[in-house]
Amino acid sequence: MVSAIWPGTAYPLGATYDGAGTNFSLFSEVAQKVELCLIGKDGTEERVNLDEVDGYVWHAYLPTVTPGQRYGFRVHGPWDPDAGHRCDSSKLLLDPYGKSFHGDFDFTQALFSYDLKADDLASGGTPPRVDSLGHTMTSVVVNPFFNWGSDRAPSIPYHETVIYEAHVKGMTQTHPDIPEDQRGTYAGLCHPVIIEHLKSLNVTAIELMPVHQFMHDHRLLDLGLRNYWGYNTFGFLAPHYQYASNHSAGGAVAEFKNMVRSFHAAGIEVILDVVYNHTAEGNHLGPTINFRGIDNAGYYRLLDGDLKLYKDFTGTGNSLNVRHPHSLQLIMDSLRYWVVDMHVDGFRFDLASTLAREFYDVDRLSAFFDLVQQDPVISQVKLIAEPWDIGEGGYQVGNFPGLWTEWNGQYRDTVRDYWRGEPATLNEFASRLTGSSDLYEATGRRPSASINFVTAHDGFTLADLVSYNEKHNQANGEDNRDGESHNRSWNCGVEGPTEDQAILDLRGRQMRNILATMMLSQGTPMISHGDEIGRTQGGNNNVYCQDSEIAWMDWTLCETNADLMTFARTVTTLRKNHPVFRRRRFFDGKLIRSGEEEIRDIAWLTNSGVPMTSQDWNSGFQCVAVFLNGDAIPAPGARGERVVDDTFLLCFNAHSQAVEFIAAEGDYADEWTAELDSAVPTGTSNLTVKAGEKFTVEGRSIIVLRKAA
């Protein structure tokens with residue numbers, strides 16, 4: 001029993017334990033009464049009226065409530081869907097600021113504020129009053145205190161960053177060296193074998209697919225599937241508790257912090273894939289678990305002319321109302337919490353264009369961008385946009401403000417097209433290889449603004465990209481209708497598995513070509529987890545619902561595809577060791593004096609070793625040599641020192657047949673030695689070639705030559 005109720009404070013929102021008691025605070029402009037519900041271990045409920053209200057924030061301080069206490073809210077107010085209001089006090093509502101959750105949802109009538117049998121939302125009258133206690137999750141008071149020790153953010157500059165996109169469960173579920181009780185968890189992800197794997201690839205940042213608390217869709221559960229990816233969040237300040245090996249109430253918070261601390265100790269940053277564009281409550285026929293019952297019109301974008309319905313720029317049923325100050329505050333408070341309290345190093349924003357929609361159009365001057373720009377905490381971490389949504393005008397690659405980097409969808413598409421032999425891609429390929437200045441330079445950004453990726457969680461894996469022409473998503477239960485149909489993939493002659501060694505060799509070469517291209521490109525490379533060992537999903541390009549071997553990493557591939565792993569380590573080491581591949585500024589192609597010579601920072605040459613002409617660029621010939629001058633890096637180092645590197649000649653051949661190249665004569669170099677050859681499974685080569693000499697670049701391969709000393 002609650003022995004005392006103090007007024008408390010309106011801020012901070014949520015449940016905040018201070019070492020003695022807990023302050024509870026909830027925003028609702030539409031509420032007429034709010035009850036705090038304390039849930040006992042036996043499932044019983046004690047209700048406490050929140051009588052203090054300041055600026056529509058309802059609050060109280062309970063001096064006897066400590067970490068581990070489960071709780072929720074009941075909001076009394078108007079049920080008037082036609083006016084956009086959907087208060088239903090029979091629903092135990094989760095805290096939008098909850099830092100931990102417990103339990104599960106059973107998707108019975110109790111979660112819904114309309115008659116499921118009628119399958120329609122009643123505009124008038126009252127909804128079915130079925131209590132959701134015992135059918136929904138509960139919020140949990142957490143202990144905010146944690147011994148961070150000497151933890152420090154690695155603060156890796158963008159131009160030195162290599163991102164590795166990973167799934168907490170998928171990365172660890174089958175690893176034989178991780179204890180069984182830690183597989184699929186935060187503890188498993190920071191196990192030394194995982195960190196050692198990442199370090200061997202020269203990874204500097206791990207980008208985690210959604211770890212905010214999310215819900216499994218009812219439809220998927222009925223099909224025996226689950227929301228594996230987690231893009232169905234409702235708790236923006238809570239780590240997904242099913243990813244914790246510590247199953248105590250609130251245990252996920254400490255385990256997540258320990259994971260971050262472990263990565264930082266290894267010099268690896270932690271970036272979170274965050275989903276603020278929508279919530280798990282779905283469309284007007286979805287469950288009522290928190291936002292909808294607290295302040296529906298405040299938290300969601302409602303459809304003009306029919307406030308029962310939601311605007312949907314995401315394809316998920318609803319869009320968060322970023323025009324409302326309290327919705328914006330929730331996003332900013334969440335971001336700040338993950339940086340200040342959880343020590344993460346940056347964010348990748350799912351369908352970020354949705355957050356920039358003030359009314360309908362995507363607006364670079366939107367309130368969200370203004371707040372991020374001005375925030376002294378958020379403006380200093382890595383900010384990565386997925387620069388599109390499904391709404392009109394949603395494709396915004398290159399249009400985000402100066403602080404932001406972007407998943408470069410044009411890079412992905414161009415590299416895929418180039419290596420599968422699509423004609424007329426050489427010009428585009430050159431732009432993407434050199435940092436996409438056409439997309440980012442006009443906004444004052446650097447090459448690192450381009451997050452260079454060819455595969456990601458959404459779509460084919462690298463192995464499947466070179467093994468399938470068509471998606472094979474039958475296991476998803478949607479008759480293969482889901483997922484992208486235009487993949488720019490090429491199966492190298494046979495759809496799916498084959499024993500034809502020539503095709504297997506070509507597929508291996510194509511994988512190496514793509515990995516090498518990413519590491520040789522200016523910008524910030526991103527590896528999708530498992531691509532370095534040839535992970536396959538059997539042609540499924542939309543494993544969002546496959547919490548199974550289809551989507552998990554198969555660690556036996558480390559032995560099966562050991563050469564690919566060696567190649568990945570070699571090419572990431574090449575990038576790490578040579579700043580000419582990760583310049584801070586764009587190339588300008590101007591003549592630069594180097595000793596007694598005048599030579600450019602970059603030159604584009606034909607396979608004959610002469611400068612490319614406009615006719616060459618437009619010929620459809622898919623071979624090019626790129627001269628990178630290590631003596632012409634204009635940006636100084638971190639301490640103002642001049643940066644000097646080796647000089648390289650990159651020879652690309654996207655033709656099916658071998659092509660003879662000639663090492664350029666003149667001021668370029670007297671002799672070259674090979675650093676990498678993608679026609680060789682491990683990438684190693686003993687090739688040495690003098691200026692004017694011919695050498696062969698095998699069909700669909702890359703040779704990287706370094707100027708001999």
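Predicted model: local features only at pLDDT ≥ 70, side-chain atom pairs only at ≥ 80, totals over all residues.

Modeller: Residues are numbered from 1 along each chain as its sequence is written, and side-chain values use heavy atoms, with hydrogens and water left out.

Colleague: What makes H13 roughly parallel to H15?

Modeller: Helix H13 (residues 501–520) and helix H15 (residues 562–577) pack at about 15°, with their axes 9 Å apart. Axes are lines fitted to C-alpha atoms, for helices over the stretch in contact, and angles run from 0 to 180 degrees between N-to-C directions. Angles under 35 degrees count as roughly parallel, over 145 as roughly antiparallel, 65 to 115 as roughly perpendicular and the rest as oblique, so H13 is roughly parallel to H15. The helices themselves are DSSP runs of H or I with at least four residues, and strands are runs of E with at least two, numbered from the N terminus.

Colleague: Which residues of H13 and H15 meet?

Modeller: Contact means heavy atoms within 4.5 Å, and among the residues that meet are Met-511, Leu-515 and Met-519 in H13 and Phe-567, Val-571 and Leu-574 in H15. The contact of H13 with H15 divides into 11 nonpolar, one polar and two charged residues, where Ala, Val, Leu, Ile, Met, Phe, Trp, Tyr, Cys and Pro count as nonpolar, Asp, Glu, Lys and Arg as charged, and the others, Gly among them, as polar.

Colleague: Why are H9 and H10 called oblique to each other?

Modeller: H9 and helix H10 (residues 426–433) pack at an angle of about 130°, with their axes 9 Å apart, and H9 and H10 are therefore oblique to each other. Their crossing is left-handed, a term used if the near helix is turned anticlockwise from the far one by less than a right angle, with clockwise giving right-handed. The contact of H9 with H10 has six nonpolar, two polar and two charged residues.

Colleague: Which residues line the largest cavity?

Modeller: A cavity is a set of points on a 1 Å grid over the protein atoms alone where a 1.4 Å probe fits but cannot get out, and lining residues have an atom within 4 Å of a point. The lining of the largest cavity includes Arg-416, Trp-419, Arg-488, Gln-510 and Ile-514, and about 70 Å³ of space lies in this cavity. By class, its lining has five nonpolar, two polar and three charged residues.

Colleague: What is the phi of Phe-107, and where does Phe-107 lie?

Modeller: Phe-107 has a positive phi of about 55° although it is not a glycine, and lies in the loop between strand E10 (101–102) and strand E11 (138–140). Most residues other than glycine have a negative phi, and most peptide bonds are trans. The peptide bond from Tyr-11 to Pro-12 is cis, with omega near 5°.

Key:
1 Å grid on protein atoms, 1.4 Å probe; cavity = no way out; pocket = protein on both sides within 12 Å on 5 of 7 lines; lining within 4 Å. Points joined across faces, edges and corners; volume = space filled by probe spheres on them.
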